[in-house]
Amino acid sequence: MEIKKPRPTIDIDSKTYWDAAKNKKLMIQYSLDTKEYFLYSKQLTNTADSKNVEWREVSGKGKIYSYTVVHAPAGPAFKDDTPYIVASIELEEGARIISNIITQDIENISIGDSVKVVFEKQDDEFTIPKFEIVK
Amino acid sequence: MDKKPCIVGVSDFPLSERGRASEGNSELTIQKYCAEEALDQAGLKLSDIDGIAVAGMWGVPGPGLMQPNLLVEYLGIKYPKWIEGTNIGGSTFLVHVNHAFQAINAGLCETVLVLYGSLQKSNMSRVLGDRPALYSNQFEVVSGLPLPVGAYALAAQKHMSTFGSTRETLAEIAVSTRSWATMNENAAFREPLSIEDAMQSKPISSPLHRSDCCLVTDGGGAVIITTEAKAKNLKTKPIYIKGFGECNSHSSINYMPNMDKLEIATHSSKIAFEQAKLNTTDIDITMLYDSFTITVLLTLEAIGFCNFGEGKDFVRNQRTAPGGDFALNTNGGGLSYCHPGMYGIFTIIEAARQLWGVCGKRQLEKPVNALCHGTGGVLSSSTTLILSNESN
């Protein structure tokens, strides 16, 4: 029996992100008060008191903030993918996003590498924004 | 100052081979055993308890775990005046002691029992991929980040990139901690470990390997806090609570402000040191939550035992091992003694025992001041507690 990978429990703070991904767009939140971008939680910004927040499309370009090569998978659903990379990406606009880095050269990756978004369709309902290295 | 709160009893649950509780135990029997042991040590009875603090990963699923209700019922504690069930991960029990201090000091209650119990090894309940993709962690769970190890791996990679720490740095911590565990009869892993063994252990989530990760065991513990006035008539010498601090910043590792600096530990320890009127050089024994080797490295730097980035030099040449000049995690830590899921209470238990001078082969020479530090979640919460066997 195929073991399914986890799907996000989509809520009002993530719906636009996941919906936009289906249309090959990367959208995150933006505070008109502090002019800062963020996705979901406000901790990396100074927007705690900001109520003027909207969704904006962003470039999808950024750098690797940190990463890990996973050898012990997050459950059986990810076993066939090992070793795979999970990274925290710092977007040009400032926000951080966690996703996978898609590369054939898993040993040759460093913090600070430039990356750009690619959209990996899982099925008609679900697409994950992932990243690839920009040479 | 006769209300001054102090620790008067501690206990940890005896584990058999590889960190298991003997068959037939429940989380409740584990905690009952620990409560009775700690009470006996102090010369107290359960009927003396008028405040209770408990947290864990056990309980009746559904409407909420409500652990304080079940434990008060099961142990037969009559009408506690103060109840604490905060859960901020493995750092929780230091917060329970901090809050018990405040409650006793304010006269809200007199004698508090802090309890923890876990059967996570026997129940095989710990896996890397069981967390739902919910709230802020939905992005990392969908990406297959193994939790919690993958989160700590991201911090370790960032620290190495920024400061030039290496896998050897982390191996120093794993090896020194194991050396302490060889002198703790209740430790799950007592075979000596070499730097080479650690370097060659299996990769889990780079740069972390097996030897960088805490154990998965059963276990439990208890800590009893009461007033100095009451402590005068008890069997143990009081351990004074000199200072404490707490702070938190995130739930998903992606929102840790700087993954190479555990700033919340800087905040919590600063508050604790100021309250205690002590500084790092006054500390004789340091008990840092070692969920992973990187946790120790980040915490040493953040508390100020060395500057940011100097941890790699600080731990070099087994400085924190038995016989070294910095006594760290003398019970063998979560890396080699036990790690039932929320290890924080064991930092307090070992510190109290060292300050009482009852640690046998691993006993330090007349320690006076101890620093305990808890880290919960994925470097999410920090709690610091400074203890002393001297009242002033």
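In chain B, strand S9 (residues 285–288) pairs with S10(B) in the parallel sense over four bridges, where strands are DSSP E runs of at least two residues and helices are H or I runs of at least four, numbered from the N terminus, and pairing requires at least two DSSP bridges. The model is predicted, so that local features need pLDDT of at least 70 and side-chain atom pairs count only at pLDDT 80 or more, whereas totals for chains, interfaces and linings use all residues. Residues are numbered from 1 along each chain as its sequence is written, and chains are lettered from A and ligands numbered from 1 in the order in which they are written.

Leu288(B) stands opposite His373(B) of S10(B). On pairing with strand S11 (residues 381–388) of chain B, S10(B) adopts the antiparallel sense over eight bridges, with Ser382(B) as the bridge partner of Thr375(B). These two strands form a hairpin with four residues between them, and Gly377(B) in the turn has a positive phi of about 65°. Eight of the eight residues of S10(B) (369–376) are buried, so the strand is largely enclosed by the rest of the structure; a buried residue has 20 or more other C-beta atoms within 10 Å of its own, an exposed one 12 or fewer, and a partly exposed one a count in between, with C-beta atoms placed from the backbone.

Contact between the chains involves 34 residues of chain B and 31 residues of chain A, a contact being defined by C-beta atoms, placed from the backbone, within 7 Å. On the chain B side, the largest share, six residues, comes from H5(B).

Terms used. Contact = placed C-beta atoms within 7 Å.
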